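Biologist: I would like to go through this model with you. Could we begin with how its elements are named?

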Amino acid sequence: METNNTTINVMPRIGDIAPSFTAKTTQGQINFPSDYKGKWKILFSHPADFTPVCTSEFMTFGSMAEEFEKLNTQLVGLSVDGLYSHIAWLRTIKEKIDWKGMKNMEIMFPLIEDITMDVAKKYGMIQPGESTTSAVRAVFFIDPHDIIRTIMYYPLSLGRNFDEIKRVLIGLQTADNFGVALPADWRPGDEVIVPPAGSCGVAKERMQNTDDLHCYDWFFCTKKLSKEAVEEKLGK
Ligand code: BEZ
């Protein structure tokens, strides 16, 4: 939408179809999300190449690449930098940076060049109160049906928690695969929440069932779901 020389971008929301785009990346041209049919996608932005927080984040994501692959998930990065800057930065990371025991780190997932900010604007990654020229640290979790399922935004000065990014992905996949909800701080192996009782009869039954349900009250019942069952289903 264009008003008085100001472009207003409607930010995508949870439940929306992921906006599509074609872009140049460090792994060649991509059509997003259609190139990744049947996969989960994590589309994330960082403010700039050759900056320390971003370097630490890329090394961490790079070190976890195999874990995300096992979770049928494609990582795709973006910043408002050109392709040659991206290539030079990724080469520097591989050849020179030794951080927290990570070194010789080759980043194999695509990093989008977005000098025009077209993609960043489509995804609400440019947040002018923080910066008008760089993307904030956004993370979009997009499911195999191309629906946005979770969105995270971090400011420029704070590196993301990659353990939490992986936990969210596993949580979304577990909720989908087992038809359950997940309580605060859930991790694989913890009890999961069964869907709410839809009738008085079911509510009563739940409170009487002491075998496989743990009901704190009729509306809040959990059941066991082993770590092994989660790992087997998610292909870990
Ligand atoms: C960084 O990645 O180190 C960074 C980038 C932009 C602003 C502040 C820090």
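Modeller: Helices (H or I, at least four residues) and strands (E, at least two) are DSSP runs, numbered from the N terminus. The model itself is predicted.

Biologist: Where is Met207 found, then?

Modeller: Met207 belongs to helix H6, which spans residues 200–208.

Biologist: Is Met207 buried or partly exposed?

Modeller: Met207 is partly exposed, because its relative accessibility is 40%. Together with Tyr216, Trp218, Phe219 and Phe220, Met207 forms a nonpolar patch on the surface, and the accessible area of the patch is about 530 Å².

Biologist: On to the sheet. In what order do the strands of the open sheet come?

Modeller: The order is S7-S6-S5-S8-S9, 5 strands with mixed pairing. Strand S7 (111–113) and strand S9 (148–154) each have a single partner strand, so one side of each has no neighbour in the sheet. On average, neighbouring strands are turned by 20° against each other, direction ignored.

Biologist: How many bridges join S8 to S9?

Modeller: There are 6 bridges between S9 and strand S8 (residues 137–142), and the two strands run antiparallel. One of the pairings is that of Ala138 with Tyr153 in S9.

Biologist: Which helix lies across S8 and S9?

Modeller: That is helix H5 (residues 162–178), which also lies across strand S5 (40–45) and strand S6 (73–79). Helix H5 runs at about 165° to S9.

Biologist: And Val180, where is its place?

Modeller: Val180 sits in the loop between H5 and strand S10 (192–193). Val180 counts as buried because its relative accessibility is 9%, and buried means under 20%. Leaving aside residues up to four places away in sequence, Val180 touches Thr174, Ala175, Val192, Ile193 and Lys223.

Biologist: Changing topic, how many salt bridges are there?

Modeller: The count comes to 12. Among them is the one between the side chains of Asp146 and Lys41, at 2.7 Å from N to O. This pair links distant parts of the chain, 105 residues apart: Asp146 is in the loop between S8 and S9, and Lys41 is in strand S5. Lys41 counts as buried because its relative accessibility is 1%.

Biologist: What does Glu164 form a salt bridge with?

Modeller: Its partner is Arg167, with the closest N and O atoms 2.7 Å apart. Both residues lie in helix H5, 3 residues apart, about one turn of the helix. Elsewhere, salt bridges with shared partners join Glu57, Arg137 and Arg160 into one network.

Note on methods. Residues numbered from 1 in each chain as written. Predicted model: local features only at pLDDT ≥ 70, side-chain atom pairs only at ≥ 80, totals over all residues. Heavy atoms only, no water. Patch = residues over 30% accessible without salt bridge, like charges linked within 9 Å, V, L, I, M, F, W, Y side chains within 5 Å. Areas by Shrake-Rupley, 256 points an atom, 1.4 Å probe, with all protein chains shown as cover. Salt bridge = Lys/Arg side-chain N within 4 Å of Asp/Glu carboxyl O. Buried < 20%, exposed > 50% of the residue type's maximum accessible area, 1.4 Å probe, protein only. Pairing = 2+ DSSP bridges. Axes fitted to C-alpha atoms, helices over the stretch in contact; angles between N-to-C directions. Contact = heavy atoms within 4.5 Å.
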